[in-house]
Amino acid sequence: MQERLEKLHAYMESRKLDALIITHPKNVYYFTGFLTEPHERFMGLILVRGESPFLFVPLLDGEKAREACPAIMIYTHDDSQNALTVLQDLLPTPLSHIGVEKNHLTAKTYEALVSIVQATEAVDVGELLGNIRVAKDASEIATIKRAIWVMEESLRRTLPLISIGMTELDVVAELEYQMKKLKAQGPSFSTIVLAGEKAALPHGDPGTRVIQAGEVLLIDAGVYVDGYVSDLTRTFAVGQLGAELLDMYDTVLQANLAGIQAVRPGALIAEVDLAARGVIADRGYGEFFINRVGHGIGLELHEAPYVHSQAVGELIPGMVFTIEPGIYNTKIGGIRIEDNVLVTKDGVEVLTSFPKELQIIG
């Protein structure tokens, strides 16, 4: 944590900032080890130039914060107080040049912060924090691997329970039960289970649609473990599939493998998307591939790098992201195969190991 905080202090010095006010709960966790969701209450990691950093948290989280980061001063506010008024008394003023996360703050809170510290300039540090977090260290990678194992084992335990006649929501319930049995903190996003033609909706909502023979079943799910996420998609055959669905599946599988093969340090991020996209286009399904090929995962489900055909930048060791090409034909269904990969110093490590060969269930 100290090394991470030193990066923030160095940035403050380089930009001549008087203070940094970090409010996104995931970024607070990254730099302090304290993880909570304050909901509507104000929380922040405050760094004032030349002073020791401190955490400003709701009173109900105070004890948890002290246990998580005993080396950092903790200040609290209760529900009867105006949090920013309390914070104002803790800060020297004026703080003319500050850094804030503009994407995370509401306009009302942003304006109030600028006012209480009498800032004349407020720099957005969201991209900076994302760049600091983008290369995962050994501890983070180990935690992501545990999250992947929990997700894959949850799916392994659920598959034998799936049968024709169940609804999509039945499968969601079974899968999320297994996640909890395996000590996941919870799903990392709303679990997606889509049958038949609904599988062509990349972010469709599971419902009472009944699983039937001769169609696909798409399952996209992930879990939180110690604050880090996993994100896995596999598409299954419910009984025997027709020729077009089989060809779609093979095309997506080859696109997935091509995307993985393109991953190496120094490669352009866009090349990964283009490698997978090229396979799907060459097989005649280009119009049905409507999403980017991947996104970074870590403390958040979607974070840098964002892997699409117009992405700027190169892959660096420590990046962890998804590769999830898909074909979505609303007439017969959709196919998506998603892996989590790590950029290593000399290539790529595929962190997910769940089989990708087409499996028949039900």
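Residue P305 lies in strand β14, where strands (E, at least two residues) and helices (H or I, at least four) are DSSP runs numbered from the N terminus. The peptide bond between A304 and P305 is cis, with omega at about 0°. The model is a predicted one, in which local features need pLDDT of at least 70 and side-chain atom pairs count only at pLDDT 80 or more, whereas totals for chains, interfaces and linings use all residues. Residues are numbered from 1 along each chain as its sequence is written, and side-chain values use heavy atoms, with hydrogens and water left out.

Strand β14 pairs with strand β13 (residues 294-296) in the antiparallel sense over three bridges; two strands are taken to pair if DSSP finds at least two bridges between them. Within this pairing, E303 of β14 is the bridge partner of G296. The two strands, β13 and β14, form a hairpin with six residues between them.

Residue P94 is found in the loop that runs between α4 and β5 (97-100).

Strand β5 belongs to an open sheet of six strands, arranged in the order β4-β3-β2-β1-β5-β6 with mixed pairing. The edges are formed by β4 (73-77) and β6 (121-124), each of which pairs on one side only. On average, and with direction ignored, neighbouring strands of this sheet are turned by 25° against each other; axes are lines fitted to C-alpha atoms, for helices over the stretch in contact, and angles run from 0 to 180 degrees between N-to-C directions. Helix α4 (residues 83-90) packs on the sheet and touches β2, β3 (54-58) and β4. The direction of α4 makes about 155° with that of β3. Within the sheet, β1 and strand β2 (residues 44-48) pair in the antiparallel sense over four bridges, and I21 stands opposite I46 in β2. In a regular strand, side chains alternate between the two faces of the sheet.

In helix α6 (residues 126-133), the residues L128, L129, I132 and R133 are buried, a term that denotes under 20% relative accessible area, with exposed meaning over 50% and partly exposed the range in between (1.4 Å probe, protein chains only). These residues lie on the same side of α6 because they cover an arc of only 130° around the axis, the arc being that of the directions from the helix axis to the C-beta atoms. The elements covering the buried residues of α6 include α1 (2-15), β1 (19-22), α2 (25-32) and β14 (303-307).

Residue V114 is placed in helix α5 (residues 107-117). With its neighbours within four places in sequence left aside, V114 is in contact (heavy atoms within 4.5 Å) with A119 and A122. The C-alpha atoms of V114 and V100, 14 residues apart along the chain, are separated by 9.6 Å.

In the UniProt record, an unreviewed entry, residues 4-134 are listed as "domain: Creatinase N-terminal". The end C-alpha atoms of this span lie 13 Å apart, and the span is 41% helix and 21% strand. The unreviewed UniProt entry also places "domain: Peptidase M24" at residues 144-345. For residues 144-345, the end C-alpha atoms lie 18 Å apart, with 31% helix and 25% strand in the span. UniProt positions are given in the numbering used here, feature names are shortened, and annotations may be inferred rather than shown by experiment.

Residue S154 lies in helix α7 (residues 138-158) and counts as buried because its relative accessibility is 0%. The side chain of S154 reaches the backbone nitrogen of M179 at 3.5 Å. Apart from neighbours within four places in sequence, S154 is in contact with L175, Q178, M179 and L182.

Two residues other than glycine have positive phi values. For K183, phi is near 75°; K183 is found in the loop between α8 (168-181) and β7 (186-187) and counts as exposed, because its relative accessibility is 69%. For D226, phi is about 50°. The place of D226 is in the loop between β10 (223-225) and β11 (228-229), and D226 counts as partly exposed because its relative accessibility is 42%.

Conventions. A polar contact is a pair of N or O atoms within 3.5 Å; within protein, one must be able to donate a hydrogen and the other to accept it, and residues adjacent in sequence count only if both atoms are side-chain atoms.
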